[in-house]
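Notebook open, model on screen.

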Amino acid sequence: MKSHFEWDEKKNAENRLKHGVSFFEAQQAFLDPNRRIAEDLDHSADELRYYCFGQVLDNIMTVRFTYRGHKIRIIGAGYWRKGRKIYENTSN
């Protein structure tokens, strides 16, 4: 089954400026066969939100997302130390 992604273009532009990562690039984190998915307990008030921690090139990217229908809606992304630690501490 093929995953479909969506995002808000204004939020994408803000994310590129703030974190240097586009949501188009962030899709790559989901391709990592060793990716980790965790619930975002701090931001799940109105809808369940999640983190994807996945390797993109030589670094670990963190992607915040939710499911809307049959699509993955990307909310934010970046290369954050905390995400790298979670990925490395849960690797096999």
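I started with the rings and counted seven aromatic pairs in the structure. For a pair, rings of Phe, Tyr and Trp (its six-membered ring) need centres within 6.5 Å; planes under 30 degrees apart are stacked, over 60 edge-to-face, and the rest tilted. I looked up W7 and F23: their ring centres are 6.3 Å apart and the planes sit at 75°, so this pair is edge-to-face. It links distant parts of the chain, with W7 in the loop between strand 1 (4-6) and helix 1 and F23 in helix 2, 16 residues apart. Helices (H or I, at least four residues) and strands (E, at least two) are DSSP runs here, numbered from the N terminus.

A note on the source: this is a predicted model, where local features need pLDDT of at least 70 and side-chain atom pairs count only at pLDDT 80 or more, while totals for chains, interfaces and linings use all residues. Residues are numbered from 1 along each chain as its sequence is written, and side-chain values use heavy atoms, with hydrogens and water left out.

Buried is under 20% relative accessible area, exposed is over 50%, and partly exposed is in between (1.4 Å probe, protein chains only). F23 is buried at 0%, and W7 is partly exposed at 22%. I also noted one aromatic cluster formed by F5, F30, Y50, F65 and Y67.

Leaving aside neighbours within four places in sequence, Q27 is in contact (heavy atoms within 4.5 Å) with F5, W7 and I74.

Then the core. Which residues have the most contacts inside the largest nonpolar core? They are M61, V63 and A77, in a core of 14 residues. Helix 2 (23-26), strand 3 (50-56), strand 4 (59-68) and strand 5 (71-78) each supply at least two residues of this core. By definition, such a core is a set of buried Ala, Val, Leu, Ile, Met, Phe, Trp, Tyr and Cys residues joined through side-chain atoms within 4.5 Å. Not counting residues up to four places away in sequence, M61 touches, among others, V21, A29, C52, F53 and A77.

T62 is in strand 4 too, and I have it down as buried at 3%. Beyond four places in sequence, the contacts of T62 include Y51, C52, F53, W80 and G83.

Last, the pockets. On a 1 Å grid over the protein atoms alone, a pocket is an open set of points where a 1.4 Å probe fits, with protein on both sides within 12 Å along at least five of seven lines; lining residues have an atom within 4 Å of a point. The largest pocket is lined by 13 residues, with D40, Y51, F53, K82 and I86 nearest its centre. Which element gives the largest share of that lining? I found helix 3, with three residues.

The second largest pocket is lined by residues including K11, E14, R64, A77 and W80. Two or more of its lining residues come from each of helix 1 (9-19) and strand 5, and helix 1 gives the largest share, five residues.
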